[in-house]
Structures are given as structure tokens and as C-alpha cells.
Amino acid sequence: MHVNAPAEGLWEGDGSIEEDRIVVVEVMIDELDRAWWTSYRKDLEVRLHQEEIVIRATRIERL
């Protein structure tokens, strides 16, 4: 888990300045269960009060 600086954002919302910080969490798995990750993303959005959480998958080749 790491903060991906300088990935921060400022915007005005409801008359106040909002700040956002990007936190990257990397997980390596053998098999991708898309349904589980979709459900987990939705759960995190609710629990962390986020409009959107991005979960992305990238296939790698071990060398």
C-alpha cells in the first residue's frame, strides 16, 4: 500500500474545497474472480464514503 504522490486533487463541492488523495494497494493473485472484486469494490465505496473506487487488473508474465 502506498500513496502515489503527487496524485492529489482539489475541487469545490457544496461551497467548500474538497481534497482527494490517491492510495494504491497492490494485490497479486493466481485467478481473478471478477464477481468478488466487483462486490468488494462496491462495499469499499460504501464503507469509505467514496463516489468511486477503481480496481484494475493487469495480467503479468513471470520472467
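Student: Which residues do ring pairs link into a cluster?

Tutor: In this predicted model, the cluster that ring pairs hold together consists of Trp36, Trp37 and Tyr40, and the structure contains 3 aromatic pairs.

Student: How should I read the geometry of the pair formed by tryptophan 36 and tryptophan 37?

Tutor: The general idea is that planes over 60 degrees apart count as edge-to-face. Here the ring centres of tryptophan 36 and tryptophan 37 lie 4.8 Å apart with their planes at 85°, so this pair is edge-to-face. The rings of tryptophan 37 and tyrosine 40 have centres 5.9 Å apart and planes at 80°, and therefore this pair is edge-to-face as well.

Student: Where do tryptophan 37 and tyrosine 40 lie?

Tutor: Both belong to helix 1, where tryptophan 37 and tyrosine 40 are 3 residues apart, which is about one turn of the helix.

Student: Is tryptophan 37 buried or exposed?

Tutor: Buried means under 20% relative accessible area, and partly exposed lies between that value and 50%. Tryptophan 37 has a relative accessible area of 18%, so this residue is buried. Tryptophan 36, at 43% relative accessibility, counts as partly exposed, and tyrosine 40, at 31%, also counts as partly exposed.

Note on methods. Residues are numbered from 1 along each chain as its sequence is written. This is a predicted model: local features need pLDDT of at least 70, side-chain atom pairs count only at pLDDT 80 or more; totals for chains, interfaces and linings use all residues. Side-chain values use heavy atoms; hydrogens and water are left out. Rings of Phe, Tyr and Trp (its six-membered ring) pair if their centres lie within 6.5 Å; planes under 30 degrees apart count as stacked, over 60 as edge-to-face and the rest as tilted. Buried means under 20% relative accessible area, exposed over 50%, partly exposed in between (1.4 Å probe, protein chains only). Helices (H or I, at least four residues) and strands (E, at least two) are DSSP runs, numbered from the N terminus.
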